[in-house]
Amino acid sequence: MKRLAVYCGSSLGASEAYKLGAIQLGIELAKRNITLVYGGSSNGLMGAVADTVLSHGGQVIGVIPSVLVEREISHKGLTELYTVDSMHERKAKMAELADGFIVLPGGTGTLEEFFEVFTWGQIGLHQKPCGLLNIEHYYEPLISLFDHMIEQKFLQDKFRSMILVEENPDALIDHFHHYIAPSVKSYD
């Protein structure tokens, strides 16, 4: 694990615990010499994790669409910043650069990014780990939905196992190091 993409909110959310979780993740990434790949914003949880990695001597790569640069929300102090033309290009570049994907609390954009890389893993476009950092149990409703999908035969158990869930960044990254992608050949 040399680079991990992190998807998260461009706001701080309702609980201070979300920001503290982003900070803990940033510290852990810097401590392990893992480069952060993220959406390039200085706002919200995105800014908190990037600022923390940088302040602890780590490397941060941002990928931001030009429309957001024009709104002056791009982070000015990153190790490297890619400016792309669209959100589609942003997601593709982040996926290309990353060895795995961590999802912190966020809104619809965060979920959309997670679901895309999770789906890509299901169909075999990558074999990279996908993890939910379940701060303050934020993702419990989503985890319940996955269980419901399995019960209703819309998601196979082996694909549910692709989603690593932890409340602690240290434990989640440890799981990433031992991740083995399931076979994607059959749809039974």
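The model is predicted, with local features needing pLDDT of at least 70 and side-chain atom pairs counting only at pLDDT 80 or more, while totals for chains, interfaces and linings use all residues. Residues are numbered from 1 along each chain as its sequence is written, and side-chain values use heavy atoms, leaving out hydrogens and water.

I then listed the contact (heavy atoms within 4.5 Å): H1 contributes residues including Tyr18, Ala22, Ile23 and Leu29, and H2 contributes Leu45, Ala48, Val49, Thr52 and Val53.

Next I turned to helix H4 (residues 87–97) and H5, which pack at about 55 degrees with their axes 11 Å apart. H4 and H5 are therefore oblique to each other, the class left after under 35 degrees (roughly parallel), over 145 (roughly antiparallel) and 65 to 115 (roughly perpendicular). Arg90, Lys91 and Ala95 of H4 meet Glu112, Glu113, Glu116 and Trp120 of H5.

Finally I checked H5 itself (residues 108–122): its 15 residues should span 21 Å at 1.5 Å a residue, and the end C-alpha atoms are 21 Å apart, which agrees, the expected span being 1.5 Å times one less than the number of residues. I noted Phe114, Val117 and Phe118 among the buried residues of H5, buried meaning under 20% relative accessible area with a 1.4 Å probe, protein chains only. Just after H5, Gly124 takes a positive phi of about 85 degrees.

How values were computed
Helix = DSSP H or I, 4+ residues; strand = E, 2+ residues; numbered from the N terminus. Buried < 20%, exposed > 50% of the residue type's maximum accessible area, 1.4 Å probe, protein only. Axes fitted to C-alpha atoms, helices over the stretch in contact; angles between N-to-C directions.
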